[in-house]
Amino acid sequence: MDFAYSDEQRMLVDTVRSFVAKELTPHEAEVERDNAVRPDLIALIREKAKAAGLYAANMPEDLGGGGLDAVGVALMERELGRTSFALQYAVARPSNILRACKGEQIERYLLPTIRGERVECLAMTEPGAGSDLRSMKTRAVRDGADYILNGTKHFISYADIADFAILFAASGEEETKHGAKKKITSFLVDKGIPGFEVRMGPRSVSHRGFHHCELVFTDCRIHEREILGEEHHGFDVANEWLGATRLTVAAQCIGRAQRAIELATEWAATRKQFGQTIGRFQGVGFKLADMAVEIAAAELLMLQAAWKLEQGSATDQDFAMAKLYATEMLARVTDQTLQIYGGMGLMEELPVERLWRDARVERIWDGTSEIQRHIISRALLRPHEG
Ligand SMILES: Cc1cc2nc3c(=O)[nH]c(=O)nc-3n(C[C@H](O)[C@H](O)[C@H](O)COP(=O)(O)OP(=O)(O)OC[C@H]3O[C@@H](n4cnc5c(N)ncnc54)[C@H](O)[C@@H]3O)c2cc1C
């Protein structure tokens with residue numbers, strides 16, 4: 001067991017931290033005010049991220065990516081988590097699911113996302129199918145060598161900016177001992193093709209400037225060569241990388257919590273009431289202590305899961321535990337930070353209320369806290385059940 005950073009990991013953390021402080025954090029107020037990131041700013045961040053070797057750092061080196069291992073990705077995500085999601089998203093880490101590209105898909109989708117020429121969004125959720133994704137109604141019906149897509153996705157992040165969608169649709173049904181089960185196929189669908197419409201979604205309190213959209217498919221025709229992975233095995237492609245995605249959520253929450261406790265500590269050490277700094281009151285000092293313990297615990301859990309991922313021994317339970325604990329920890333830490341700031345914590349001039357608002361979505365997306373608990377409890381109970 002070795003808990004120390006390697007020289008490379010130390011360098012990575014320093015590079016990302018200073019990139020965030022210099023290139024991203026200064027634009028936070030503008031993004032919050034406008035609920036948008038200017039397209040020229042997105043382009044600038046992309047170029048600077050490429051120059052710093054941070055663009056597509058999660059992708060294999062032989063494909064032009066940064067070649068980070070799972071622990072490296074986790075450390076990078078933790079540092080990026082310190083700033084606004086809308087800004088750090090421009091430092092793209094293309095969806096790992098794209099590694100399933102084959103044949104001409106590699107040149108049309110995978111490599112351009114790594115080079116920063118194209119951007120993807122991932123479309124699974126529907127108005128009637130959130131946690132229960134397999135109940136999705138978007139259908140892909142075969143017509144010779146084509147598929148006809150019909151249905152609606154919602155809550156699809158970044159679809160306003162994206163060039164194409166990784167779409168999951170029901171492509172058939174099979175009988176199992178638990179009843180009929182939908183077969184799901186994943187497709188690569190270019191924006192702008194007939195029958196594919198993108199509409200902006202409602203404004204969310206979390207992560208201003210990071211928009212989500214509704215994707216509407218009406219008799220949208222695509223060729224079978226756009227299938228990602230194998231026909232009817234879309235979830236196989238997704239599940240392989242879902243755990244890694246949950247780990248990035250956990251890592252980002254830890255970065256955000258670290259920023260929150262830094263702000264809280266600074267305030268508690270300088271704000272005076274009753275003739276002394278408020279950090280001297282046990283009611284405030286103990287809050288800081290509890291926050292520090294929780295952040296450290298979340299980080300160990302997250303890094304352990306990342307290390308196991310790298311070793312090939314990580315389970316769904318490892319990812320679920322890391323995501324559940326980090327996201328719930330962030331909610332407590334940002335709430336306590338706001339409490340330590342008192343009324344000032346609620347003011348938009350400071351980043352405290354933003355950290356508190358942004359924390360809320362983490363317990364919902366990429367599998368709610370209840371779904372993570374379901375995964376953990378099933379893994380515990382299964383061996384004892386008949
Ligand atoms: C801002 C934002 C961006 C998003 N981006 C994307 C994206 O890019 N792509 C994408 O595909 N999706 C995206 N999502 C969707 C997100 O993953 C879903 O919101 C999430 O999976 C939960 O689905 P739901 O909102 O429909 O809630 P529901 O599934 O309807 O859940 C409602 C409540 O019921 C609980 N519940 C449901 N089932 C169970 C169960 N079996 N046991 C116990 N409790 C249960 C849930 O935990 C929750 O508390 C995004 C969501 C948001 C808010």
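The structure is a predicted model, in which local features need pLDDT of at least 70 and side-chain atom pairs count only at pLDDT 80 or more, whereas totals for chains, interfaces and linings use all residues. Residues are numbered from 1 along each chain as its sequence is written, and side-chain values use heavy atoms, with hydrogens and water left out.

Along the principal axes, the C-alpha atoms occupy a box of roughly 80 × 60 × 40 Å. The protein contains eleven helices and ten strands, assigned as DSSP runs (H or I of at least four residues for helices, E of at least two for strands) and numbered from the N terminus. Of the 386 residues, 50% are buried, where buried means under 20% relative accessible area, exposed over 50% and partly exposed in between (1.4 Å probe, protein chains only). Among contacts (heavy atoms within 4.5 Å) with a separation of 6 or more, 74% are between residues 24 or more positions apart. The accessible surface, computed by the Shrake-Rupley method with a 1.4 Å probe, amounts to about 18,500 Å², and carbon and sulfur atoms contribute 54% of this area.

Aromatic pairs were counted for rings of Phe, Tyr and Trp (its six-membered ring) with centres within 6.5 Å, planes under 30 degrees apart being stacked, over 60 edge-to-face and the rest tilted. This rule gives 13 aromatic pairs. Tyr89 and Tyr158 make an edge-to-face pair, with 4.4 Å from centre to centre and 65° between the planes. This pair joins distant parts of the chain, 69 residues apart, since Tyr89 is placed in the loop between α5 (85-88) and α6 (105-115) and Tyr158 in the loop between β3 (146-157) and β4 (164-176). Tyr89 is partly exposed, at 29% relative accessibility, whereas Tyr158 is buried, at 4%. Both residues belong to a cluster linked by ring pairs, which also includes Phe85, Phe210 and Trp365.

Glu294 is located in helix α8 (residues 282-311) and counts as buried because its relative accessible area is 17%. With neighbours within four places in sequence left aside, Glu294 is in contact with Tyr325, Met329 and Arg332.
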